[in-house]
Structure formats: C-alpha cells, structure tokens
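Visitor: Can you walk me through this one? I am new to reading structures.

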Amino acid sequence: MTYALHLLVLLQIYFLVAASLNLLIGYAGLLQVAHAAYYGVGAYAGTLVTMKLGVGFFRRSPAAGWPLPS
C-alpha cells in the first residue's frame, strides 16, 4: 500500500469516528465515554479475523461491526 493511500484510509477512519461523536454529543446531547473502546474492539476483532483466518475486508466486516455493502 502506498503512503498516500495509507493516509487516505486513516483520514476516512478518523472522519467516521469524529462524525459519530458529533452525532452523539452534538446533536443528541449524550456523553459517550466508551466510544474509543468500541472503535478499538472493532479494530482488534477485524485484525484477529484477518490474521488468523486470512479473510479479506468484505468477509471480515461483520466481525469488526461494519455492515456489509448492499
């Protein structure tokens, strides 16, 4: 993976985390202190499934908590 693509992927991931926090705290007024823990558990589960089972992104998406594209 090239460096620019790596930065683009990280930028998108951080954008999703920031947008979800904006929804929770900004619009709903809820204080979510475990948001980073959910993010970390999903990333850890996705990594374990990829490394141990050798599956690709779309097959491991449900393990990380991401819905499959329709």
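Guide: We can go from the whole chain down to a few residues.

Guide: This is a predicted model, where local features need pLDDT of at least 70, side-chain atom pairs count only at pLDDT 80 or more, and totals for chains, interfaces and linings use all residues. Residues are numbered from 1 along each chain as its sequence is written, and side-chain values use heavy atoms, with hydrogens and water left out.

Visitor: OK. How many helices and strands are there in the protein chain?

Guide: The protein chain has three helices and zero strands. Read from the N terminus, the order is α-α-α. Helices (H or I, at least four residues) and strands (E, at least two) are DSSP runs, numbered from the N terminus.

Visitor: And what share of the residues is buried?

Guide: Of the 70 residues in the protein chain, 10% are buried. Buried means under 20% relative accessible area, exposed means over 50%, and partly exposed is in between (1.4 Å probe, protein chains only). The chain's accessible surface is about 5800 Å², and carbon and sulfur atoms account for 72% of that. Such areas come from the Shrake-Rupley method with a 1.4 Å probe; for residues, only the protein chains shown count as cover.

Visitor: Let's take α1. What span does it have from its first C-alpha to its last?

Guide: α1 has 25 residues and spans 35 Å, close to the 36 Å expected at 1.5 Å a residue. The expected span is 1.5 Å times one less than the number of residues. After α1 comes G29, with a positive phi near 75°.

Visitor: Which residues form the nonpolar patch on the surface?

Guide: L5, L8, V9 and L11 do, with about 350 Å² of accessible area together. A patch takes residues with over 30% relative accessible area and no salt bridge, joining like charges within 9 Å and nonpolar side chains (Val, Leu, Ile, Met, Phe, Trp, Tyr) within 5 Å. A salt bridge is a side-chain nitrogen of Lys or Arg within 4 Å of a carboxyl oxygen of Asp or Glu. L8 sits in α1, residues 3–27.

Visitor: Why does L8 count as partly exposed?

Guide: Because its relative accessibility is 43%.

Visitor: Switching to α2. Which residues are buried there?

Guide: H35, G42, G46 and V49 are buried in α2. Down the helix axis they fall within an arc of 70°, so they line one face of α2. The arc is that of the directions from the helix axis to the C-beta atoms. The face turned away from that buried side carries exposed A36, V41, Y44, M51 and K52.
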